[in-house]
Amino acid sequence: MSSDVRFTDFKSDKQPTWCPGCGDFGTMNGMMKALAETGNDPDNTFVVAGIGCSGKIGTYMHSYALHGVHGRALPVGTGVKMARPDIEVMVAGGDGDGYSIGAGHFVHAVRRNVDMTYCVMDNRIYGLTKGQASPTSRSDFETSTTPEGPKQPPVNPLALALASGASFIAQSFSSDALRHQEIVQKAVEHDGFGFVNVFSPCVTFNDVDTYDYFRDNLVDLKEEDHDPTNYEAAKQVILDSNKEYQGVMYQDEDSVPYHEQHGVTEDMSEIPDGAPDDAMDLVREFY
Amino acid sequence: MAEDLNWAVGGEAGDGIDSTGKIFAQALSRAGRHVFTSKDFASRIRGGYTAYKIRTSVDRVQSVVDRLDILVALTQRTIDENLDELHEDSAIIYDGERSWEAEIPEEMNAVDVPLKSLAEDAGGAIMRNIVALGAACEITGFDVEYLDEALEKRFGGKGSKIVENNKEAARAGQEYVQEHYDLDHLGYDLETTDNDYVLLNGNEAVGMGALAAGCRFYAGYPITPATSIMEYLTGRIEEYGGHVVQAEDELSAINMALGGARAGARSMTATSGAGIDLMTETFGLVATSETPLVIADVQRSGPSTGMPTKQEQGDLNMALYGGHGEVPRFVVAPTSIDECFWKTIEAFNLAEKYQTPVFLVSDLAMSVTEQTFAPETFDMDAVEIDRGKLVDDDSVDEWLDEQGRFRAHAVTDDGVSPRAIPGTIDGAHMSTGLEHDELGRRTEDQDERVQQVDKRNRKVETAKETESWDYREFGDEDADNLIISWGSNEGALAEALEYLEDDGIDVRVISVPYIFPRPDLSDEIDAADETIVVECNATGQFADLLEHDTLTRLKRINKYTGVRFKADELAEQITEKLSEEVPAQ
């Protein structure tokens with residue numbers, strides 16, 4: 001069945017309401033292509049999204065999906081994966097959704113190493129609420145709520161992931177379609193938590209972190225001879241505040257996903273018609 | 001009323017009070033006696049007063065009373081805290097060699113046993129509580145061999161040497177009392193029977209019910225007094241292919257459980273007070289996305305952090321009204337420990353049949369209290385599973401629209417839509433907390449909004465017609481006086497009846513396990529001269545509901561000291577309340 005699946009099968013017939021030119025179009029296309037290329041189909045895929053422009057993705061994609069509350073997409077994805085290790089789980093979030101209100105969940109989803117893919121559409125601004133500073137906004141980025149800039153350093157999501165014990169850390173640029181798809185695909189194929197921070201420019205509210213900016217400044221790790229299995233090398237790239245990179249920064253090839261560590265293998269949706277056969281043993285325990 | 005014995009062990013947290021009490025309770029249960037336990041503990045790990053109390057009788061016991069017959073006191077505070085309940089025939093077992101000088105009222109039986117040195121002789125000071133248990137057996141004429149059985153159960157895993165040492169410690173306590181005191185068992189002769197009872201508390205019953213009901217996924221965050229549900233499931237749920245996740249917070253816990261439920265697993269989370277507040281954010285999403293989820297709230301004293309280790313039934317309004325907007329829900333509140341088991345199973349069935357969140361509301365008193373039951377009380381053959389309108393690869397077809405899209409939120413007569421879980425071919429669909437159309441896609445269309453709101457509310461109407469929302473009643477059916485209660489007060493009320501009967505007061509008691517939907521009690525209230533609503537909160541949240549339902553002013557008995565109702569105390573309060581004037585209509 002899967003060999004016949006095309007990436008357009010993951011597309012719904014709903015037209016996106018993202019602004020023309022929004023980076024999220026490219027981000028989503030890459031996610032759909034990565035899912036199709038890795039042999040998944042809409043009926044065995046679960047997409048979870050939070051709130052914000054990124055949260056709309058579940059509507060524009062076709063699969064089992066849940067559009068949840070702000071910042072809590074990762075726990076939902078965790079629940080889906082635990083109950084159904086057979087289901088492919090992809091989680092989408094934004095920089096506000098993931099690194100502000102959902103920062104606590106991010107740290108713990110990373111360290112649990114749940115086998116799912118997490119794509120964060122990072123545009124360094126709050127778009128849907130019309131242009132306030134986000135956790136990844138530059139410290140001098142002027143917005144309606146930070147007229148003189150946030151005056152605090154931006155969150156480095158890659159470093160946060162590294163410090164939390166991530167087994168897969170990558171960054172991509174939504175406009176670099178092939179490379180973005182390739183990176184997301186690696187995250188999907190990774191056994192564990194595949195984290196991809198996607199530069200997904202906001203053409204309406206962010207005139208600093210633009211397509212041109214990323215095109216001119218992004219350094220591709222493919223051309224840098226970077227070895228993602230080398231932790232020290234990954235650390236250097238991730239903590240390098242002078243450059244912006246795309247590519248897979250770090251991958252632990254020995255990663256064992258949470259459900260395997262905990263011996264969760266069964267499809268939990270199937271249960272007997274009544275109490276389990278040996279259920280009276282549960283009572284006898286209390287003799 | 002059969003002869004009952006009220007026993008307690010008290011000391012500082014960390015003194016092994018809980019395990020000492022549990023061992024004695026198990027010994028009594030092994031001897032075919034009924035047991036009802038209660039705990040008094042502070043919110044700290046070490047230090048602070050803590051006590052474990054046991055009421056035991058050959059007849060069923062389901063409440064505590066204001067009387068203490070035997071007290072094992074490891075500290076002076078244990079004596080001071082319980083002075084009100086001690087009486088002139090009470091015996092107090094204490095260690096006179098300890099640094100504190102016990103001040104024991106003269107009229108009581110002071111039983112000074114060198115607990116520590118006898119324990120050391122038997123193999124270690126840690127066993128001083130077991131020495132006290134041996135002494136208690138001697139004082140009450142209870143065969144110490146039952147204690148041996150409980151010690152084997154408790155320490156069997158640690159090797160025969162440990163078991164033998166403990167048995168020796170118990171014998172040392174027994175013999176010391178034999179040699180130094182002539183108490184003639186204080187008149188007690190604890191009868192034993194051949195019955196094999198099981199001894200469990202409310203949280204264990206909830207956990208056992210969840211496993212019986214096929215719960216496979218549990219996510220929670222530790223909070224008193226709900227944590228022991230998670231502890232029970234951990235290690236057991238795996239045997240059925242399930243899993244427990246300790247989440248980073250309650251927000252995560254309920255979202256994980258939501259994910260598990262949407263993936264098709266019977267899923268659950270449990271918390272208390274402050275944790276429910278955090279979960280409320282996602283509660284509306286659970287309801288609007290029509291996800292079957294069981295959310296247990298084991299109430300404790302609030303508001304805010306309140307008194308975390310004390311009893312209260314103060315979250316009823318939260319369970320009924322919590323969350324912004326208007327969402328259908330079921331609120332089920334077990335009234336006894338055995339009902340904790342059955343109502344948990346029912347909660348899972350309701351959740352899946354109606355694709356709604358179900359609040360399972362329990363309380364601290366019930367959650368930590370252990371009680372004996374005949375094992376058949378938990379007859380697993382009687383467990384029924386109803387998964388509702390789950391569709392499969394074949395039946396999904398009839399729910400597809402013209403474009404072949406699955407109508408996950410189809411508007412139906414009964415308000416319940418088909419449910420396709422991931423993996424069902426052609427069942428892929430989107431769900432959201434946004435108002436949505438039949439396909440689950442966002443809409444602000446006025447007609448679709450009204451259709452979906454009505455559809456969700458119709459589930460409650462269907463459930464009201466289809467399910468039984470009954471109550472339990474006891475006492476005199478024709479009595480002029482009606483007492484209504486919810487939650488764990490039922491046991492105390494059942495026993496209060498016996499005191500009231502002795503005083504010639506006839507009472508009909510109705511105990512309601514359903515808060516929403518709930519039975520209509522108008523006829524019952526109309527038929528009574530006087531109605532009193534009993535609950536462990538200050539404002540009478542359940543009484544408010546009944547007044548709203550029946551347009552009748554009701555008398556109220558409210559306790560919010562942090563301590564559960566006691567049977568004899570409740571009987572007194574009822575007598576007093578009945579003599580008060582009826583409130584103005």
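## Two cis prolines in chain B

Pro303(B) sits in the loop of chain B that runs between β11 (293-299) and α11 (316-321). This is a predicted model. In it, the peptide bond between Gly302(B) and Pro303(B) is cis, with omega at about 0°.

Another cis peptide bond joins Phe516(B) to Pro517(B). Here omega is about -15°. Pro517(B) also belongs to a loop, the one between β19 (514-516) and α16 (522-527) of chain B.

## Two residues with positive phi

Glu290(B) is not a glycine, yet its phi is positive, about 55°. The residue lies in the loop between α10 (273-288) and β11 of chain B. Is Glu290(B) buried or exposed? Its relative accessible area is 3%, so it counts as buried.

Leu551(B) is another non-glycine residue with positive phi, near 55°. Its loop lies between α17 (541-550) and β21 (555-558) of chain B. Leu551(B) has a relative accessible area of 75%, so it counts as exposed.

## Domains 2 and 3 of chain B

Take domains 2 and 3 of chain B. Domain 2 of chain B brings 17 residues to the contact, and domain 3 of chain B brings 23 residues.

About 1500 Å² is buried between domain 2 and domain 3 of chain B. Carbon and sulfur atoms give 55% of that area. Which residues of domain 2 of chain B lose the most area to domain 3 of chain B? They are Thr288(B), Glu290(B) and Tyr354(B), which together make up 37% of what that side buries.

Three salt bridges cross this interface between domains 2 and 3 of chain B. Glu290(B) also pairs with Lys459(B) in a salt bridge, at 2.6 Å from N to O. There are 10 residue pairs in polar contact across the interface of domains 2 and 3 of chain B. On the domain 2 side, α9 (250-262), α10 and α12 (337-354) of chain B each supply at least two residues. That side holds eight nonpolar, five polar and four charged residues.

## Where chain B meets chain A

How many residues of chain B are in contact with chain A? The count is 68 residues of chain B, against 51 residues of chain A. The area buried between the two chains is about 5000 Å². Carbon and sulfur atoms give 63% of it.

Five salt bridges are counted between chain B and chain A. Asp13(A) and Arg441(B) meet in a salt bridge at 2.5 Å, N to O. The count of residue pairs in polar contact between the chains is 27. Several elements of chain B give two or more residues to this side, among them β7 (198-201), α7 (202-212) and β8 (215-220). The largest share comes from α9(B), with eight residues. By class, the chain B side has 32 nonpolar, 19 polar and 17 charged residues.

Glu285(A) and Arg236(B) also meet in a salt bridge, at 2.4 Å from N to O. This pair crosses between chains: Glu285(A) is in the segment after α11 (280-284) of chain A, and Arg236(B) is in the loop between α8 (227-233) and β9 of chain B. Glu285(A) is partly exposed, at 34% relative accessibility. Arg236(B) is partly exposed too, at 22%.

## Salt bridges within a chain

Side chains of opposite charge can pair when their charged atoms come close. Over all chains, the count comes to 61 salt bridges. One of them joins Glu244(A) and Arg124(A), with the closest N and O atoms 2.8 Å apart. Glu244(A) is in strand β8 (residues 244-251) of chain A and Arg124(A) is in the loop between β4 (117-122) and α6 (157-163) of chain A, so the pair ties together parts 120 residues apart in sequence. Glu244(A) is buried, at 15% relative accessible area. Arg124(A) is buried as well, at 8%.

In chain B, Lys353(B) forms a salt bridge with Asp386(B), and the closest N and O atoms are 3.7 Å apart. Lys353(B) is in helix α12 of chain B, while Asp386(B) is in the loop between β14 (370-373) and β15 of chain B, 33 residues away. Lys353(B) is partly exposed, at 23%. Asp386(B) is partly exposed, at 31%.

Salt bridges can also form a network. Arg179(A), Glu182(A), Lys186(A), Asp220(A) and Lys222(A) are linked in one.

Terms used:
Residues numbered from 1 in each chain as written. Chains lettered and ligands numbered in written order. Predicted model: local features only at pLDDT ≥ 70, side-chain atom pairs only at ≥ 80, totals over all residues. Heavy atoms only, no water. Helix = DSSP H or I, 4+ residues; strand = E, 2+ residues; numbered from the N terminus. Buried < 20%, exposed > 50% of the residue type's maximum accessible area, 1.4 Å probe, protein only. Contact = heavy atoms within 4.5 Å. Buried area = accessible area lost by both parts, 1.4 Å probe. Salt bridge = Lys/Arg side-chain N within 4 Å of Asp/Glu carboxyl O. Polar contact = N/O pair within 3.5 Å; in protein donor to acceptor, adjacent residues only side chain to side chain. Nonpolar A, V, L, I, M, F, W, Y, C, P; charged D, E, K, R; others polar.
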